[in-house]
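My notebook is open and I have a few things to look up today. Come along and check each entry as I go.

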Amino acid sequence: MKNIFVQGAILPEQIAESIAKHSHKKNIGAHEIFLGQIRADEINDRRVASIVYTAYEDMALVKMNVIREALFAKYDLICMHVYHSLGQIYAGQLCLFVFVSSKHRTEAQNACQELVEQIKRELPIWGKEVFEDDTYQWKQNN
């Protein structure tokens with residue numbers, strides 16, 4: 001089972017490196033990438049400064065493996081990579097990196113979209129939105 005969690009923000013250099021590692025795979029015709037970034041939302045006259053992510057990691061990894069296997073069975077995929085941040089991630093930083101590869105773009109696009117929705121809906125990952133005034137609330141996934 002592959003660990004999807006990383007401590008801290010996902011760096012652009014990590015994304016570039018991941019993409020570069022696939023250049024030797026000659027059977028890939030399409031990559032689809034989703035990047036989740038922390039927004040400085042304004043909620044009830046307070047601005048979000050960061051989100052602190054926590055997870056029930058063992059359960060999330062088991063569930064992610066089930067999702068992964070189902071998507072490989074449904075779509076003609078070659079590769080799938082998911083990285084989700086844990087800890088405090090500040091507005092403007094990346095917290096989710098989803099990278100799906102296939103022979104054809106439609107398979108990659110559809111699988112990536114479905115994967116992101118399932119991650120948001122099914123994995124036990126929680127975000128505490130911390131406001132600029134150091135108050136907080138638990139994030140609602142939309």
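**Entry 1: helix H3.** I began with the buried residues of H3, which are Ala 108, Ala 111, Cys 112, Leu 115, Val 116, Gln 118 and Ile 119. Looking down the axis of H3, I found these buried residues within an arc of 165°, so they line one face of the helix. On the other side of H3, I noted Gln 113 and Arg 121 as exposed. A reminder to myself: this is a predicted model.

Next I asked what covers the buried residues of H3. The cover includes strand E2 (30-37), helix H2 (57-74), E5 and strand E6 (94-102).

I also checked the length of H3. Its 18 residues (105-122) should span 26 Å at 1.5 Å a residue, and the end C-alpha atoms are 25 Å apart, which agrees.

**Entry 2: helix H2.** H2 has 18 residues and reaches 25 Å from its first C-alpha to its last, close to the 26 Å expected at 1.5 Å a residue. I listed its buried residues as Ala 60, Leu 61, Met 64, Ile 67 and Leu 71. They cover an arc of only 125° around the axis, which puts them on the same side of H2. Asp 58 and Ala 73 are exposed on the other side of H2. Among what covers the buried residues of H2, I found strand E1 (5-7), E5 and H3.

**Entry 3: His 84.** I then picked a residue in strand E5 (residues 77-90), namely His 84. Is His 84 buried or exposed? I have it as buried, because its relative accessible area is 7% and the cut-off for buried is under 20%. Leaving aside neighbours within four places in sequence, its contacts include Phe 5, Tyr 53, Cys 95 and Ile 119.

**Entry 4: salt bridges.** I counted seven salt bridges in the structure. One of them joins the side chains of Lys 74 and Glu 114, at 2.9 Å from N to O. That pair links distant parts of the chain, with Lys 74 in helix H2 and Glu 114 in helix H3, 40 residues apart. Lys 74 is exposed, with a relative accessible area of 51%.

Glu 122 and Arg 121 also meet in a salt bridge, at 3.5 Å from N to O. Salt bridges that share partners join Lys 63, Arg 121 and Glu 122 into one network. I noted Arg 121 as exposed at 58% relative accessibility, while Glu 122 is partly exposed at 28%.

Key
Residues are numbered from 1 along each chain as its sequence is written. This is a predicted model: local features need pLDDT of at least 70, side-chain atom pairs count only at pLDDT 80 or more; totals for chains, interfaces and linings use all residues. Side-chain values use heavy atoms; hydrogens and water are left out. Helices (H or I, at least four residues) and strands (E, at least two) are DSSP runs, numbered from the N terminus. Buried means under 20% relative accessible area, exposed over 50%, partly exposed in between (1.4 Å probe, protein chains only). Contact means heavy atoms within 4.5 Å. The expected span of a helix is 1.5 Å times one less than its number of residues. The arc is that of the directions from the helix axis to the C-beta atoms. A salt bridge is a side-chain nitrogen of Lys or Arg within 4 Å of a carboxyl oxygen of Asp or Glu.
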